[in-house]
Amino acid sequence: MSDVVGYRKRRGVEAFMLAFAIILGMGGYLLTHLNRDAALPPEWPWALAALLTIGVALHAVIRWRLPYADPLILPLVMLLNGIGLAMIHRLDLGTSPRMHSAELQLMWTAIAAVACCLVIAFLRDYRVLQRYTYTMFLAGMALLMLPLVPGLGTEKNGARIWIHLGPYSFQPAELAKLVLSIAFASYLVEKRDVLALAGGRFLGIELPRPRDLGPILLMWLASLAVLVFQKDLGTSLLFFGLFVMMLYVATEKPSWAILGLLLFATGAYLGYLFFSHVQVRVSSWLNPFSNYDQNYQVIQGQFGIAWGGALGTGWGLGRPNLTPLAKTDFIAAAIGEELGVAGLTAVMLIYGLIVARGLRASLVARDPFGKLLAAGLSFVFAIQVFAILGGVTRLLPLTGLTTPFMSQGGSSLVANWVMVGLLLVITHQVRSPVAEVPAEPEQWLAAEATQVVPVGASVDAAAGSPRSVPATSPAAIADDAPVPVTPPADDVTVPVALPADDVTTEVTSGPGGGAGDPSGGEGDDPTTEVRLPPEDGGVL
Amino acid sequence: MSELAVLGLKVGFLALLWLFILFTGNVVRTDLFGRKVSAAELAAQGGAPGAKPQKISRRALRQLPKTLTVTHGKQAGLQLPLGEGILIGRASDCQLLLDDDYVSTRHARISRTPTGYQVEDLGSTNGTFVNNQRITAPTPFGIEDTLRIGRTMMSAEK
């Protein structure tokens, strides 16, 4: 009755993997210098100290606030961040005059880690985020459209996705990604029942009702606006994809996903017909060599990956600087060149593992908001990684998204670390132990139905020991559940034991006769209840 | 550096990277299903707030009985330490497994409190008797007391 399903905390595992990740990141940095100069850089202890401080601080905050958080997310993210830092440093070395963007990136890593710590320390229950559905939605949309404000937004490399505030530039879409995930999750928790209602059928697929199409059309128009005015394919795909995926997860109706794909295909085709920047992207995807100058970046990236081969040239021995924007958009091509396909595949797998841990949290989550939020954050992360890595490797048309945790840029780093903080908070609540309600209580209630229980004899026994009353109400679950108590209002799938209708009144009036003890009553003669056992009775 | 060393370091780095992924996979595997923890164990870990085992002074501890001895019944003579408390019944997770037809699966529990041991009935069919009185609530259980469950009698000893 008082059994509890729990996950081990595994903080030791996290510490070990974190140390491993830092060693790998440092390894890339040191190997670069060993390969280029045959000597270690004089400042390497400082770099190690900086990485260790960040890692230890994050680990300590997790130990303090989220002892049950997923042990893998932090090391995986730290590994990507470390490899990204090493690669940016390596690309710095290839510039003349030498740039110092790795130092700046390290500073941003520290700021992002602090942001992540703040999320962990102050957001213990992610469900408070559920309250601000429409505020979050409006804030997210405003962030998304911010680069269109004249004087604030600037056009860089053909896309208008940056804003400038004094000396700082910032990509608001990275933050909008988080805010809109939260907004969609809380919106869909409220509305999913309506959105799941079936309308007509077409080709064996249940279509949604036409009147429920408002939200998806709104999101479609918003993403088209991003495509048209900001000229950014990636951001447009990211937000529409996020909404459609969450809609599908919330309603379990494939028709939403199909509808979303059709809408997206229509939008993409219209974009291709009417906008030259989309045509450029498509041509650099399908026939890059038809126009060498226009598609220079994609072609250089391809050459880099091809030159790297299976095992790569080794840290610091390739020429990834030949690709324009190697530190930001094309950092994956630089990895592919110096670590080879083996290294690039490993990096992709690590991204996949982060997504898998997020989806796992979503599967185990008990409240619908946590489920949707974890799924949304993982999906938006997955779509982003897929779009940019697919673009670099020419699986998809290139989009201007950042490579999370790796490419140079402070806003992306901070937003993604905050996302990690949110995921950690969710995994902590999901993995903390809670009392388990017996799965099929009806069965033993039914088994008891054949037993004649003397009502008078057992009533006081039942009254005297309240523990013997089976946990049939959510309030009884709450007694044993230490951490997140599932609110009874939520339509979560906690199996709540309600006595079956066909159980006779004899049983329900005398639950003391074995109600708390499913299998012990079998074969017992109810009359022994009042009679002393025969043999040793005399001794007493 | 020699080319061989460069190659060795390159392959070594990639091997470590993949070893990291293998380790991760192993953690994912061992983490797959979670595990069942009984509420008592959870309390012992400090997982449940307010359920931490209370501190007992060493002097009071010396006054407490240390073993439970079965005095009558099929298993007469059996002794086991009381420790933090024991669960009595026929289920395999009970510390005292009684071979007795009148015993329920999880029949009774002896647990340690700051004031000494106490017995509580876990909703058994045939009841738990302390000094021949059927108990309906957690009852103190000390050295002088006898406990009867089914046809088995037990007493606490130093």
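How many helices and strands are there in chain B? Chain B holds three helices and 12 strands, where helices (H or I, at least four residues) and strands (E, at least two) are DSSP runs numbered from the N terminus.

A word on what you are looking at: this is a predicted model, in which local features need pLDDT of at least 70, side-chain atom pairs count only at pLDDT 80 or more, and totals for chains, interfaces and linings use all residues. Residues are numbered from 1 along each chain as its sequence is written, while chains are lettered from A and ligands numbered from 1 in the order in which they are written.

Let us start with the sheet. In chain B, five strands form an open sheet with mixed pairing, in the order S5-S4-S6-S7-S10. Its edge strands are S5 (96-97) and S10 (139-140) of chain B, each pairing on one side only. Two strands count as paired if DSSP finds at least two bridges between them. Strands of a sheet pair through backbone hydrogen bonds, either parallel or antiparallel. Strand S4 (residues 85-89) of chain B pairs with S5(B) in the parallel sense, over two bridges. Here you can find Ile88(B) opposite Leu96(B) in S5(B).

Now turn to helix H1 (residues 3-30) of chain B, where Phe20(B) is found. Phe20(B) is buried because 21 other C-beta atoms lie within 10 Å; the cut-offs are 20 or more for buried, 12 or fewer for exposed, and partly exposed in between, with C-beta atoms placed from the backbone. Leaving aside residues up to four places away in sequence, Phe20(B) touches Phe20(A), Ala21(A), Leu24(A) and Leu79(A), a contact being two C-beta atoms, placed from the backbone, within 7 Å.

Finally, step back to the whole chain: buried residues make up 31% of the 158 residues in chain B.
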